[in-house]
Amino acid sequence: MTHSIKTPVVFFPGTLCDERIFMPLWLALNANGNSMENKAFVPLQWADDLEQMLALSEDRLAYFPSKVHLVGFSMGGYIAALVALASPEKVASLTLLSSTGTALASQDLAQRKLLLGAIKNKQYKGMTQSYIEFMLHTKNHENGVIAELIKEMADDLGPAVLAAQTNATANRQDLIKKLSKQTFATYFVVGEQDNIATVTQINDIAAGAASLHKEVIVGAGHMLPLEQTDALANYLHSTLP
């Protein structure tokens, strides 16, 4: 199938992710020679705090004189939502991949505190196989290519980046009410076995307003862009003009 999106797209990565999280998707969207040159990537891994994340995002939006589609994965979905609300006049649409755009639960905040303590005390041992499997659909637990890519990104970016990103995005607001009032559409796309941004959560969110849309992709867990790349490319192709 031919994939082509004419409006510029700005991509936001998740925690411990860099451009590699989107490279398979970009290749799929470039299938059959249809160029996606009108894209930008926000290197959130360069930022030390939320302010720097937003500054990097504003810089990438400034690349384009027209409105842009924002596509954010996991943590990047929350940052993309903040950017969209700060500059709605620049936004053609907002797509949150494996992301809810809501505040973190108390259990998640407690886990982050433990993680930051482990990093500070040099007890963090890196991305474990069990956590990689937690983020994948059960049918992808034996997919060594995906697992290795996740681990490579985590190892390359390292504990300092993990600590910075964990701190920067801990104090999240629930952005759903504000998003529901915008003129641009917001799309929530999740894998059927996402253990972090669950289908139940997305169903509840999308039921709140006509401008909030949902798509559940079969055969994916939390690492949707890597697990079901073609299905995601097809969805973006059909949704983003």
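How many residues does helix 3 have, and how far does helix 3 reach from its first C-alpha to its last? Helix 3 (residues 75–86) has 12 residues and reaches 17 Å between those two atoms, close to the 16 Å expected at 1.5 Å a residue. The expected span is 1.5 Å times one less than the number of residues in the helix. Helices (H or I, at least four residues) and strands (E, at least two) are DSSP runs, numbered from the N terminus.

The model is predicted: local features need pLDDT of at least 70, side-chain atom pairs count only at pLDDT 80 or more, and totals for chains, interfaces and linings use all residues. Residues are numbered from 1 along each chain as its sequence is written, and side-chain values use heavy atoms, with hydrogens and water left out.

The chain contains 10 helices and 6 strands. Its radius of gyration is 17 Å, close to the 18 Å that the globule rule gives for 241 residues, so the chain is as compact as a globular protein of that length. The radius is taken over C-alpha atoms, and the globule rule is 2.2 Å times the number of residues to the power 0.38. Along the principal axes, the C-alpha atoms fill a box of roughly 45 × 35 × 35 Å. Of the 241 residues, 53% are buried; buried means under 20% relative accessible area, exposed over 50%, and partly exposed in between (1.4 Å probe, protein chains only). Among contacts (heavy atoms within 4.5 Å) with a separation of 6 or more, 78% join residues 24 or more positions apart. The chain exposes about 11100 Å², of which carbon and sulfur atoms supply 52%; accessible areas come from the Shrake-Rupley method with a 1.4 Å probe, and for residues only the protein chains shown count as cover.

Helix 3 is mostly covered, with 11 of its 12 residues buried. The buried residues include Met 75, Tyr 78, Ile 79, Leu 82, Val 83 and Leu 85.

Apart from residues up to four places away in sequence, Thr 166 touches Arg 112, Leu 115 and Leu 116.

Most residues other than glycine have a negative phi. Leu 16, although not a glycine, has a positive phi of about 55°. Leu 16 lies in the loop between strand 1 and helix 1 (23–29) and is buried, with a relative accessible area of 6%. Ser 98 likewise is not a glycine and has a positive phi of about 55°. The loop that holds Ser 98 runs between strand 4 and helix 4 (106–120), and Ser 98 counts as buried at 2% relative accessibility.

Ile 196 is found in the loop between strand 5 (185–191) and helix 8 (199–206). Ile 196 is partly exposed, with a relative accessible area of 37%. Leaving aside neighbours within four places in sequence, Ile 196 is in contact with Tyr 131, Phe 134, Met 135, Gln 201 and His 222. Ile 196 and Pro 88 are 108 residues apart in sequence and 27 Å apart in space, C-alpha to C-alpha.
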